[in-house]
Amino acid sequence: MGELVEVRRTEHIPSWKLEEVSTLKKLLSEYPVVALAGVFGIPARQMQQIRRELRGTALLKMSRNTLISRALDELGGEYPKLKEYLEEQTMLVFTRLNPFKLYRVLEASKTPAPIKGGMTAPRDIVVSEGPTSFAPGPVVGELQRIGIPAAIEGGKVVIRESKTVARAGEVVSDELATMLTKLEIYPMEIGLTLRAALEDGVVFTSSELAIDVEQYVSQLAWGASAAFNLAVNIAHPTAETVPVLLSMAASNALKLAAEAELFVPEVMELLLSRGYGSALSLASVVASKSPEALDEGTLRLVSSSAAQAAAQPEEAAEEQPAEEEKAEEEEEEAEESGIEGLGALFG
């Protein structure tokens, strides 16, 4: 008897509804990612533009919430999890993009729009100081009535200081909404508002998808740098650290060989240089006490070395003013370059 009742109920369902549910189930099965997006308040012209922008990236399909719910239930599995995000007018978005990319694409497709009286401010609405396009007249009083400090200066209506006219969450009055539109301040955004997306059985909400990409990239770069430094410090061999570790090992080996005075080709030049310097220092001491103990060639070397050492402080003293003068010239050139850059920027 129960089966008979079910058959009769099915027979009374219009064929177009059954076909719609079948189409939805087919699309849900074909695409790896499906999302539910709100379309409330989007004009038809704007919706056509969104469809054009998303062509080739996502398939958009409007349907009744009851039919979407039925298709989700019939597919079973994780699909019914999306039912809690069915509210008001809903657009199904089918795509092969991952949910995070889809969220960014939908957000990028939004366009500014004027706010209407009675709507809630989505964020703080600020009227910035500066000139307006208004000619002197009654508009000054209208601006002042809604708390915007306005005055007439140089034959134009100007906003004397920036003013927050509505805080996020506050209801905007009709008078304020009209004036914001006249000022060409559009606080609203028109576009698809992604509520949730399903991929591989996991539901992602809009708050989970709204990530700061630049911040994450910066954190990943910092993490990679910290991991590299740690790997180098503990001498952990990887494809990235082996070249650095080999270079450090070679440098340390040369230092050790030089300190141990090992006669190997790589450090012989350094050892000979050190030996020559030590011998010259000893000869200088001997020359100051018993010059007759040294031959003429050694005395000439000691004398030449002493003359060079005495000349170095004088040369350094002469070079310092020249370097300071050069630094001042470079600073002046940089300032001139900056001024030229600003001139180019502002015409």
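Strand β10 contributes the most to the lining of the largest pocket, giving three residues. The model is predicted. The protein has 347 residues, of which 27% count as buried, and its secondary structure comprises twelve helices and twelve strands.

**Largest pocket**
- The volume of the largest pocket is about 560 Å³.
- Its lining is made up of 18 residues, and those nearest the centre are Phe 40, Gly 41, Met 188, Glu 189 and Ile 190.
- Two elements, β10 (188-190) and β11 (193-199), each give two or more residues to this lining.
- Sorted by class, the lining residues are eight nonpolar, six charged and four polar.

**Three-stranded sheet**
- Three strands form an open sheet in the order β6-β8-β7, and the pairing is antiparallel.
- Four bridges join β7 to β8 (residues 156-159) in the antiparallel sense.
- Opposite Ala 151 stands Val 158, a residue of β8.

**Whole protein**
- Of the contacts between residues at least 6 apart in sequence, 71% join residues at least 24 apart.

Conventions
Residues are numbered from 1 along each chain as its sequence is written. This is a predicted model: local features need pLDDT of at least 70, side-chain atom pairs count only at pLDDT 80 or more; totals for chains, interfaces and linings use all residues. Side-chain values use heavy atoms; hydrogens and water are left out. Two strands pair if DSSP finds at least two bridges between them. On a 1 Å grid over the protein atoms alone, a cavity is a set of points where a 1.4 Å probe fits but cannot get out, and a pocket is an open set with protein on both sides within 12 Å along at least five of seven lines; lining residues have an atom within 4 Å of a point. Grid points are joined across faces, edges and corners, and a volume is the space filled by probe spheres set on the points. Ala, Val, Leu, Ile, Met, Phe, Trp, Tyr, Cys and Pro count as nonpolar, Asp, Glu, Lys and Arg as charged, and the others, Gly among them, as polar. Buried means under 20% relative accessible area, exposed over 50%, partly exposed in between (1.4 Å probe, protein chains only). Contact means heavy atoms within 4.5 Å.
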